[in-house]
Amino acid sequence: MDNERGLPVRSMDGTAPEPKRRKVRKGTRSCWECRRRKIRCLYASEDAAICVNCESRGTNCVSQEFADEQASAPDRRVTQRLGRVEEMLEKLVEKIMPDSYSSSKGRPTSASPASAADAVDPESVGADCPFMVGKPPMFQVLAPLRKNGKAPAASCPSAADIPTPASSLHEPVALGPKYTQVSKTLHDLFPCQQDIDAITAASPASSFVINFFCRYRDIASGKTEDASSLRVTPSPTSHPTVLARRLMQLTNCIQQIQPETPLKLATTGSTRCMMGKFVVAVTEMVAYNDDLVGYAEGLETLVLISLYHGNAGNLRKSWLMLRRAISVAQLMGVDRWGDKPLKSADPAANPSTLIKAKALWFRLNFTDRYLSLLLGLPAGTDDNSFLTDDADDEATDRLEKQHTVVMGAIIKRNSTKGDPSFSMTQAIDCDLETAARSIASDFWQLPPVDAVANVGPIERMRAMTQLMLQMNHHNLLILLHLPFMLRDPKERRWDYSKATCVSSSRQLLRTFLVFRKMNKASNACRHTDYGALTASMTLLLGYLDPKLQARDQSTTLKREADRALIQEARDKLQQMADRNGDKLARDAACVIGRLLPLLNPDLLANGGGGQAGGNEGASEVPAIHLEIPYLGTININPSAHNQPSQHDVQPHAHAALTSNTNTSTSATPKSTSPSIPPNQHEYANFPAYPTPSHITQPSTADWSTPADQHSVSAEGDPGAEGSHSLSFPMDLSHDLGGYHDVTGFAPLMQFEWSQAQLAHPELAAEADEWTFQGFDTTYFESLFSSGAQGL
């Protein structure tokens with residue numbers, strides 16, 4: 001290796017000049033490079049001229065017997081940083097004393113030699129500032145600030161003149177060559193200005209993506225970034241997170257464009273391909289780069305990616321990206337910053353519109369807990385510090401914060417082993433009731449669609465927020481009381497949970513219909529569709545209660561009104577599926593259609609049901625079958641009440657699944673009638689694969705087959721792969737020995753799965769491969785925790 005600096009380096013052949021040697025400790029034989037790296041200097045042999053480490057790295061091996069000239073070479077990075085510090089100090093001084101300092105020369109301007117002399121004359125300085133004698137001019141500038149913040153008016157700046165912490169949060173960030181290329185690549189992805197203008201003009205989400213992280217009070221007072229900023233493309237030299245955030249904002253705007261809105265773009269290709277290209281590029285180059293995301297724009301980018309996946313139906317990818325955002329936020333200390341603005345990577349950012357740490361931390365927890373509740377996963381944090389009273393919060397801010405706390409409480413209750421705590425459920429219900437009463441009663445009235453048809457973006461966003469908060473409130477009530485909805489009807493203490501589930505389902509569906517008349521884009525506010533499916537299934541399954549199958553006039557009128565409401569919600573989902581080609585909406589409509597026969601009171605009396613999706617048909621089947629993709633089949637047998645068993649079994653309040661469920665193929669009555677022909681797009685057409693609990697979510701039920709049970713196929717071949725079932729009849733645990741033959745008893749609900757297929761989707765499979773992402777599994781696990789006894 002060439003020795004450009006003339007150092008006494010041992011060459012590969014062992015020859016070297018004889019420079020002046022240093023005195024070293026006897027027996028010391030090591031090089032400067034190993035000393036700098038703080039590693040042991042080893043030689044292959046006693047005669048080796050180059051150590052093993054330097055030989056492997058190809059670096060100069062200079063013995064410590066000779067002077068290390070490299071140590072005296074200046075560090076380029078330190079020099080650059082010192083230069084930046086000097087520039088910042090010059091700017092500070094220029095702002096504090098603009099009339100007496102020239103940044104170009106770095107010293108006070110002098111009108112005469114006399115005035116220059118006075119600057120360093122101890123007599124002119126005075127006895128109060130002895131530390132300024134003989135000091136550089138910088139000390140003259142900072143001296144007034146050292147005396148308890150007080151100084152003569154001529155030299156001491158006012159509080160408004162001193163740079164605030166927020167103004168220093170967006171100093172220019174130096175980019176290395178590596179990230180400069182990332183910025184250039186991201187900038188090349190932007191569509192032309194004509195397309196950007198068309199997207200922002202056509203999308204109703206322009207204000208939403210700007211204000212998603214802001215408090216409602218800041219939106220009302222105009223303390224947020226203007227929506228027109230979306231039309232400005234950051235420069236190619238901007239920080240990668242600034243470019244990535246703008247790309248994801250445009251992506252979410254494209255995603256939420258209404259289907260009837262015409263959109264003419266100069267860019268060739270579909271908008272779906274454009275969105276996919278943006279998301280993949282931002283995810284790979286920015287989202288998983290730990291060196292880039294530690295800014296406000298980085299956190300915004302992560303959450304916007306999560307929002308995109310959530311609206312696309314990819315709940316698991318959305319959850320994973322949101323967890324990354326929470327982890328980065330905790331590393332940045334966002335949960336401890338309070339109401340301070342976050343550090344920005346954009347030097348042109350307005351300090352007054354920067355995202356506040358407390359508002360972002362709340363939004364992260366709200367979204368994370370909602371997704372975790374849908375998927376049956378634990379919450380990211382238990383921190384409820386955002387709930388602290390803030391006098392300036394609007395009523396909607398407070399309600400949303402209380403909903404976040406309630407979601408965390410429901411997740412904790414669901415994660416407890418065994419029977420869900422009814423006392424905990426009652427306490428959470430009281431919290432929801434208090435939250436509902438903390439807001440004006442007119443808030444719960446549905447706004448007329450025509451009243452918000454031609455309003456501005458802020459007013460429209462307020463109306464949409466009101467509807468979404470109403471749906472979220474009713475959805476939380478349903479999920480809270482769902483484990484107790486199908487408890488023994490003879491036990492009066494479960495009546496409140498049943499009535500709450502039914503009434504909240506009705507209210508949620510009414511609100512959903514109004515919301516979807518205002519927003520028809522299926523990829524906008526996707527969580528409302530999950531809420532509508534939850535409410536529809538809950539209301540239909542509520543009719544398994546014999547009390548709701550009565551034929552008196554009052555019950556009949558309610559039943560017909562519920563039928564019309566559910567059918568309208570199903571038709572709305574089907575319209576969204578046909579208009580947008582949305583698979584999730586189509587499958588949701590199919591699930592509702594397959595459960596609609598439960599509204600037929602003749603099912604309870606005769607054990608018959610109509611075709612899936614029909615009203616009350618004559619083609620009767622003994623049970624309703626609902627296949628859950630990658631889980632199994634739910635068999636609902638409403639006629640179980642009227643099929644007598646050979647013994648008089650008394651119902652009990654609750655049966656634990658692991659000990660009280662009848663797990664055998666013999667307990668599953670096989671249907672001899674022809675099954676309902678599924679539509680080729682229907683949800684029931686999926687294969688029924690079992691899903692391991694670590695792939696879906698923690699389960700309170702034991703889905704495993706007992707050791708004494710064997711797999712028996714339909715043909716009776718013990719060696720063939722067959723199916724197993726979990727039945728949820730009355731509780732037989734008190735006297736199992738007295739009931740040896742219970743084959744005559746037809747259980748109300750059964751769960752079957754097949755061991756023929758052990759395949760399961762990928763951990764974060766998209767909606768095209770796994771429509772409901774495990775949301776349906778979580779729902780039925782919560783419902784099955786009730787045991788469905790006594791009905």
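Good morning. The structure holds 9 cavities of 30 Å³ or more. A cavity here is a set of points, on a 1 Å grid over the protein atoms alone, where a 1.4 Å probe fits but cannot get out. The model is predicted, with pLDDT of at least 70 needed for local features and 80 or more for side-chain atom pairs, while totals for chains, interfaces and linings use all residues. Residues are numbered from 1 along each chain as its sequence is written, and side-chain values use heavy atoms, without hydrogens and water.

The largest cavity contains about 540 Å³ of space, a volume being the space filled by probe spheres set on the grid points. Its lining comprises 29 residues, with Phe212, Leu307, Phe366, Met468 and His527 nearest the centre; a lining residue has an atom within 4 Å of a point. Elements giving two or more residues to this lining include α13 (296–311), α14 (315–332) and α18 (457–481). Helix α15 supplies the largest share, 6 residues. Helices are DSSP runs of H or I with at least four residues, numbered from the N terminus. By class, the lining has 16 nonpolar, 10 polar and 3 charged residues.

Leaving aside residues up to four places away in sequence, Thr283 touches Tyr288, Ile305 and Met321, contact meaning heavy atoms within 4.5 Å.

Finally, helix α25 (residues 775–784) is largely enclosed by the rest of the structure, because 10 of its 10 residues are buried. Among them are Asp776, Glu781 and Phe784.

Methods
Buried < 20%, exposed > 50% of the residue type's maximum accessible area, 1.4 Å probe, protein only. 1 Å grid on protein atoms, 1.4 Å probe; cavity = no way out; pocket = protein on both sides within 12 Å on 5 of 7 lines; lining within 4 Å. Nonpolar A, V, L, I, M, F, W, Y, C, P; charged D, E, K, R; others polar.
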